[in-house]
Amino acid sequence: TVLVVDFGAQYAQLIARRVREARVYSEIVPSTMPVAEMLAKNPAAIILSGGPSSVYAEGAPRLDRELFDAGVPVFGMCYGFQLMATTLGGTVDNTGAREYGRTELHVSKSSSTLFEGTPDEQSVWMSHGDACSAAPEGFTVTASTDVVPVAAFENDEKKLYGVQYHPEVMHSTHGQQVLEHFLYRGAGLTPNWTTGNVIDEQVALIREQVGDKRAICGLSGGVDSAVAAALVQKAIGAQLTCVYVDHGLMRKGETEQVEKDFVAATGVQLKVVDAEERFLTALAGVSDPEQKRKIIGREFIRVFEQAQAEIIADAGPEVAFLVQGTLYPDVVESGGGTGTANIKSHHNVGGLPEDLEFQLIEPLRKLFKDEVRMVGQELGLPDEIVQRQPFPGPGLGIRIVGEVTKDRLDLLREADAIAREELTAAGLDRDIWQCPVVLLADVRSVGVQGDGRTYGHPIVLRPVSSEDAMTADWSRLPYDVLAKISTRITNEVADVNRVVLDITSKPPGTIEWE
Ligand code: XMP
């Protein structure tokens, strides 16, 4: 394992992903973890991430020198580089000489492990205030910039390396190569980590954990729960039962995708609960978005728990495990806790033991989203499931501005299906993060169709590009694709006489309209 020490900011996750892209397994640890504890994990190498601090700021995170003396190869980046420099006796000046963004790096490769085979001049991404002016004793300076005399240093004997910039971001043109040089040449690691290993490892673990007991998994139609279920299915087969709640708010063909394609690909035992009527009844007369979300969430839990109760009533108390599609970013962001959490399920269904507890199975908790997709692919799941764009749990219920009714849902399903079909046909699925299609059910506008006046509803297209849904920009879709979608929706969907495009970034607009 390569440990990525997280000094704050958002760089550690990206570094960990890049290391895995180099097919070396990596994990993130907080910089507050004592060095002894880091070393106790027996890391093959350690990477120190960037961070928002200046090494001179009060309370700036430090590192015990012991880390550099343990014989473990270390690579410092940005803040990690400066920390390495000051800890080992180099000089970092609080010069106020700032460098942000794209910078030219001048490389001297005469004896460089990191830069071998890369150009003498390369673009790198900088973000720092302080500058290193002298490397620690025993280190060779291997790069500089116009502003910073020491922008990279290496000590091959001690296997310590550092760069002032961010090799993990794509703007650093040879960043991945430099990182790989550290991993393969500096630390002597072999690139052999693959998602295939993950599958084998998890299958063995799950088998051992579950024994001859049984597990339940809720399927949402999304990537994470589908891949988690497929992995557990591979491990324990018929001991797993999946539950899919059809709340009637899914898009066209989605329920069938789970019912047919997912089952066909995995052979999983699936219990589909048709709860459309129940949800529509609960939503009747409600237009407030928060109100809708609460109702959908509440009904969902009730239906899921009832299905769970039925499965337990059938199978007996050996149903002890609940499968969840928790991903590594969730784990890191919630403090990186390890070990199996025990959750108590809240039953409001009669006939269950009061204190029934499930143990969680979270087979994806070490993986990033793109790795989850690879695992899904390897498990033979269809592309329509594995490459699926995000879709909110409350479904089309929060894409109808106004009251949710069956007629309106059917109308929106048609419009959405057309938009998705045309985006896919134009090859745009990978370029956009997602494209909500929204029905403004409370708005009407005048139109003319055939010989007559119409008084119909607008449909909003909300195509966005994003990296993590925290921020987003509206996608500049080609006009001819937009035109095709507009023409088809207004011609093919009754009661819709206008298609409009949402050109708002996030912030200020959220991706969904409700
Ligand atoms: P917003 O609208 O907040 O959405 O910009 C950010 C991302 O989250 C998705 N989203 C949800 N996903 N349950 C989910 O599982 C929800 O209640 C929910 N609301 C929004 C949204 O589609 C976008 O990708």
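Helices (H or I, at least four residues) and strands (E, at least two) are DSSP runs, numbered from the N terminus. The model used in these exercises is predicted.

**Exercise 1. Describe the protein as a whole: its elements, its extent, its burial and its domains.**

Step 1. Start with the elements. The protein has 15 helices and 24 strands.

Step 2. Take the extent. Along the principal axes, the C-alpha atoms fill a box of roughly 80 × 60 × 40 Å.

Step 3. Turn to burial. There are 514 residues, and 40% of them are buried.

Step 4. Look at the contacts with a separation of 6 or more. Of these, 74% join residues 24 or more positions apart.

Step 5. Divide the protein. Domain 1 covers 2-186, domain 2 covers 195-386 and domain 3 covers 405-501.

**Exercise 2. Find where glycine 221 lies, and decide whether glycine 221 is buried or exposed.**

Step 1. Glycine 221 sits in the loop that joins strand 12 to helix 7.

Step 2. Count neighbours. Glycine 221 has 21 C-beta neighbours inside 10 Å. The cut-off for buried is 20 or more, so glycine 221 counts as buried.

Step 3. List the contacts. Beyond four places in sequence, glycine 221 touches Met250, Glu254, Gln257 and Val258.

Step 4. Serine 220 has 19 other C-beta atoms within 10 Å, so the residue is partly exposed. Its contacts, residues up to four places away left out, are Ser225 and Gly393.

Step 5. Check the record. In an unreviewed entry, UniProt gives the feature "binding site" for Ser220, Gly221, Gly222, Val223, Asp224, Ser225 and Ala226.

**Exercise 3. Work out why the three residues annotated as "active site" gather at one spot.**

Step 1. Name them. The unreviewed UniProt entry puts "active site" on Cys78, His166 and Glu168.

Step 2. Compare sequence with space. The three span 91 residues in sequence, yet no two of their C-alpha atoms are more than 10.7 Å apart, so they gather at one spot.

Step 3. Examine histidine 166. Histidine 166 lies in the loop between strand 11 and helix 5. There are 23 other C-beta atoms within 10 Å, so histidine 166 is buried. Setting aside neighbours within four places, histidine 166 contacts Tyr11, Gly50, Met77, Cys78, Trp125, Ser127 and Ser172. Cys78, one of the annotated residues, is among these contacts.

Step 4. Examine glutamate 168. Glutamate 168 lies in the loop between strand 11 and helix 5. Glutamate 168 has 27 other C-beta atoms within 10 Å, so this residue is buried. Its contacts beyond four places in sequence are Tyr11, Leu14, Ile15, Arg18 and Gly175.

**Exercise 4. Identify the buried residues of helix 5 and the elements they pack against.**

Step 1. Locate the helix. Helix 5 runs over residues 175-186.

Step 2. Pick out the buried residues. They are Gly175, Val178, Leu179, Glu180, His181, Phe182, Leu183 and Gly186.

Step 3. Name the packing partners. These residues pack against helix 1 (11-21), strand 3 (45-48), strand 4 (74-77) and strand 11 (160-163).

Step 4. See what follows. After helix 5 comes glycine 188, with a positive phi near 70°.

**Exercise 5. List the shell around the ligand and sort the shell by class.**

Step 1. List the residues. Around the ligand are Pro390, Pro392, Gly393, Pro394, Gln434, Ala469, Lys506, Thr510, Ile511 and Glu512.

Step 2. Sort them. The shell has five nonpolar, three polar and two charged residues.

Step 3. Link back to serine 220. Gly393, part of the shell, is one of the contacts of serine 220.

Terms used:
Residues are numbered from 1 along each chain as its sequence is written. This is a predicted model: local features need pLDDT of at least 70, side-chain atom pairs count only at pLDDT 80 or more; totals for chains, interfaces and linings use all residues. A residue is near a molecule or strand if its C-beta atom, placed from the backbone, lies within 6 Å of it. Ala, Val, Leu, Ile, Met, Phe, Trp, Tyr, Cys and Pro count as nonpolar, Asp, Glu, Lys and Arg as charged, and the others, Gly among them, as polar. A residue is buried if 20 or more other C-beta atoms lie within 10 Å of its own, exposed if 12 or fewer, and partly exposed in between; C-beta atoms are placed from the backbone. Two residues are in contact if their C-beta atoms, placed from the backbone, lie within 7 Å. UniProt positions are given in the numbering used here, feature names are shortened, and annotations may be inferred rather than shown by experiment. Domain bounds come from an automatic or database domain assignment.
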